[in-house]
Amino acid sequence: MNTHVATQPLPPAAPQGWLEGFRCVFQRDLRIALRRRTDSLAAVVFFVMVVSLFPLGVGPEPALLRTMAPGVVWVAALLACTLPLARLFADDLQDGTLEQLLLSSHPLPLLVLGKIAAHWCGSVLLLVLVSPLLALQFDLSASSTGVLLLTLLVGSPVLSLVGAIGAALTLGLRGGGVLMSLLTLPLVIPVLIFGAGAVEAHTAGLGVAGHFSLLGALLLLSLFAAPLVTSAALRISME
Amino acid sequence: MNWINFGDFLEMGGYGLYVWGSLGMCAATVVAELMVIRFRRRLLAQEAGDERATEEHTA
Amino acid sequence: MKSINWFHYAAPQRFYPLAGRLVPWFGTLAVVLTAIGLYIGLWVAPTDAQQGEAYRIIFVHVPTAWMSMVVYLAMAAWAAIGLVFNSRLSSMMATALAPTGALMTFLALWTGALWGKPTWGTWWVWDARLTSELVLLFLYIGFMALHSAIDDTRRADRAAGLLAIVGVVNLPIIYFSVQWWNTLHQGASVTFTEAPSMATPMLMGMLVMALACWMYCIAVALARVRLIMLERERHTVWARQALGTA
């Protein structure tokens, strides 16, 4: 039973504080995401499967797997986070909600941020919380797993934010998900490098402060810039 | 002058494959790029000619 | 001496003949400079003590690598102008530059691989510069793929333009992170892109070849933008005249 509830309240016509629009879109999207649990779970299952495929490909030797673990988990997270994002705006485009959002008097970047935040809470967060279990498969130490979890917590929002740009640019196109990933993946390579690098550094006994401060910087940068760029991209795609 | 004869030049001290492989690929791609442009131009002229012909026909 | 009205040439109809006059100049310069550069590189420059004759590949590797980045910057700049000033020609220029830039990137990777094999033993070396070139190739491909996926020309220009701008902002971040990643995983690998200590003829040869590459890129971009102008404006009178069917 798949009801896209179009009767959910949209942001009120007159601005009632700049947070109002964000809150409204966030709650609406989160409610929809929770009702469509299949979509959110599909991303998690995909994540688990991709991670599990790697040992089948490279062999079960524990030392090798332990070395590979951060990279494998992070790449799988990259894929699992960016692929479903292609549909971030698709449903709203189809039922006309997107047009309303563009016409709303609320600043579009805030509304976009609301959608991304709802998507992250609905789909990505679960994926991140499952990652320690996968780290078990690779015999990663407890402290390294903790670092992995933290890097994913800080880095996965960046993936969602940058992915939204790709989703907005490829709105309604035939190529869809694959094209969107093609555009997004090169842009999130720094997140992958610092995220996986932090875990490896920790395993090697080195400090991770540098990695985390860079991840934090990327998060702040994308929190500020990505909604703006996504809004511009939406306006371009909707002309 | 580094080369005793032309054969020496081609040999490139044993690295001939790599040096000429690089230069050759550069030359090949440059030629290909120019040919593609010329081909597209010719195609465009042909299409325009066809359109013109059908226009005159139906006029 | 009347001042040049730059906006005069913003119309495709007027830029077309100008570009047509410029292409032969840049093309000739490219050919001449290539000849000089290759002469210096293959004849005059001495053999390198460590790398033997294989080092001569830098005479094409370094210029193409430089151009791959210069062309991306130019592409992003034209795209930005097209977005801000809403001028069609600027966006056409960005679209015209993309394939040439991608070609330069491919050549940088190809020649890099052919340089790496005799020097370091493997076809691919995960050093910072080569890896960044690979990412740059992905960015070019993304630009071209997005542009061709959108049917509406105006939307295609603007969407791809926005992507190019995002890419150009991201590029330093990517390069920095790849460098970081490379130094972390140093191991036994030496910096691959350390050119041999540059004797003057080597440096001269490289600079001349770089200039030749630049002239070539400009010439091809201008030729391609003429083509794009004709393709997009094919139903106008001036285009038909240019194609010889009016």
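Student: What should I know before I start reading?

Tutor: The model is predicted, so local features need pLDDT of at least 70 and side-chain atom pairs count only at pLDDT 80 or more, while totals for chains, interfaces and linings use all residues. Residues are numbered from 1 along each chain as its sequence is written, and chains are lettered from A and ligands numbered from 1 in the order in which they are written.

Student: How many helices and strands does chain C have?

Tutor: Helices (H or I, at least four residues) and strands (E, at least two) are DSSP runs, numbered from the N terminus. Chain C has 7 helices and 0 strands, giving the pattern α-α-α-α-α-α-α along the sequence. Its C-alpha trace spans about 60 × 40 × 35 Å along the principal axes of chain C.

Student: How do I check the span of a helix, say α2 of chain C?

Tutor: Take 1.5 Å times one less than the number of residues; that is the expected span. Helix α2(C), residues 58-85, has 28 residues and reaches 40 Å from its first C-alpha to its last, close to the 40 Å expected. Just after α2(C), C:N86 takes a positive phi of about 60 degrees.

Student: And where does α5(C) bend?

Tutor: A bend at a residue is the angle between axes fitted to the seven residues ending there and the seven starting there. For α5(C), that gives about 35 degrees at C:N170, and a proline, C:P172, follows within four residues. Helix α5(C), residues 153-184, has 32 residues and reaches 44 Å end to end by C-alpha, close to the 46 Å expected.

Student: At what angle do α2(C) and α6(C) cross?

Tutor: Axes are lines fitted to C-alpha atoms, for helices over the stretch in contact, and angles run from 0 to 180 degrees between N-to-C directions. The axes of α2(C) and α6(C) come within 8 Å and cross at roughly 45 degrees. These two helices are therefore oblique to each other; under 35 degrees counts as roughly parallel, over 145 as roughly antiparallel, 65 to 115 as roughly perpendicular and the rest as oblique.

Student: Is that crossing left-handed or right-handed?

Tutor: A crossing is left-handed if the near helix is turned anticlockwise from the far one by less than a right angle, and right-handed if clockwise. For α2(C) and α6(C), the crossing is right-handed. Residues making the contact include C:F59, C:W66 and C:M67 of α2(C) and C:M209 and C:W214 of α6(C). Here, two residues are in contact if their C-beta atoms, placed from the backbone, lie within 7 Å.

Student: Which classes of residue sit there?

Tutor: Ala, Val, Leu, Ile, Met, Phe, Trp, Tyr, Cys and Pro count as nonpolar, Asp, Glu, Lys and Arg as charged, and the others, Gly among them, as polar. The contact of α2(C) with α6(C) has 14 nonpolar, 2 polar and no charged residues.

Student: What about α3(C) and α6(C)?

Tutor: The axes of α3(C), residues 88-120, and α6(C), residues 200-232, come within 8 Å and cross at roughly 135 degrees. That makes α3(C) oblique to α6(C), and the crossing is right-handed. Among the contact residues are C:M92 and C:L97 of α3(C), with C:V220 and C:R224 of α6(C). By class, this contact has 11 nonpolar, 2 polar and 1 charged.

Student: Which chains touch, and which pair has the most contacts?

Tutor: Among the 2 pairs of chains that touch, B and C have the most contacts. Chain B gives 22 residues and chain C gives 28 residues, and the chain B side divides into 12 nonpolar, 6 polar and 4 charged. The contact of chains A and C takes 21 residues from chain A and 22 residues from chain C. On the chain A side there are 16 nonpolar, 3 polar and 2 charged residues.

Student: How far apart are chains A and B?

Tutor: No contact joins chain A and chain B, and their closest C-alpha atoms lie 24 Å apart.
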